Amino acid sequence: LMYPERVRRCVVLDIAPLNYTQAMDKPTNREGYSTREIVQILASLQDSPKMAAAKSSKDVEALIKEKAPAVSPGMLGFLLQNVHRTDEGFHRWKMNVAGIHGQFDTQIADWPFSHQYEGPTLFVRGERSNFITEDGEKAIKAQFPSSALHTVPGAGHWVHAEASQACLEIINGFLVGQDG
């Protein structure tokens, strides 16, 4: 939104331009875990001795399951895709977990923008997710007037992890200009 001239097409996954600070504490399609809890689990493992001692991705998987026993295979796969082994032999998250954790309320759960993006935009949501409500659809149309909304059957909020192939096909179609 700050540099619309740099973007030809925009894709947004299962979120509307609203403040989600309170919603991030509610379990939503994550086997009873809230988004905040998932981020806290990742942050707690980041510099832990157990993470440092992990010899394989199976060890990291066991650490995640220890903290989130009911995590789904799709979510677990997504989290494990974000682990890499450093040159020193330690397992770390590829994503900036400290940044996500530290900016969660002010930059991630909140929506600080008020101006429009008029370029083609695709919003993809999971059928079982409650992140894009009727109010969310109104906010999307207000800030992204050239947007389309696509719902992926059977998927929850983490649509890219729960229905990755369907999500990729929808996004690829949009990005090459076949949809929206």
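1. In which helix do Glu61 and Lys65 both lie, and how many residues apart are they? Both belong to helix α3 (residues 57-67), where they are 4 residues apart, about one turn of the helix; helices (H or I, at least four residues) and strands (E, at least two) are DSSP runs, numbered from the N terminus.

2. This is a predicted model, in which local features need pLDDT of at least 70 and side-chain atom pairs count only at pLDDT 80 or more, while totals for chains, interfaces and linings use all residues. Residues are numbered from 1 along each chain as its sequence is written, and side-chain values use heavy atoms, with hydrogens and water left out.

3. A search of the whole structure gives 7 salt bridges, each being a side-chain nitrogen of Lys or Arg within 4 Å of a carboxyl oxygen of Asp or Glu. Glu61 forms one of them with Lys65, with the closest N and O atoms 3.1 Å apart. Glu61 is buried at a relative accessible area of 16%, whereas Lys65 is partly exposed at 37% (buried means under 20% relative accessible area, exposed over 50%, partly exposed in between; 1.4 Å probe, protein chains only).

4. Glu137 forms a salt bridge with Arg125, the closest N and O atoms again being 3.1 Å apart. This pair links distant parts of the chain, with Glu137 in helix α7 (residues 134-143) and Arg125 in strand β4 (residues 121-126), 12 residues apart. Arg125 is buried, at 17% relative accessible area, while Glu137 is partly exposed at 33%.
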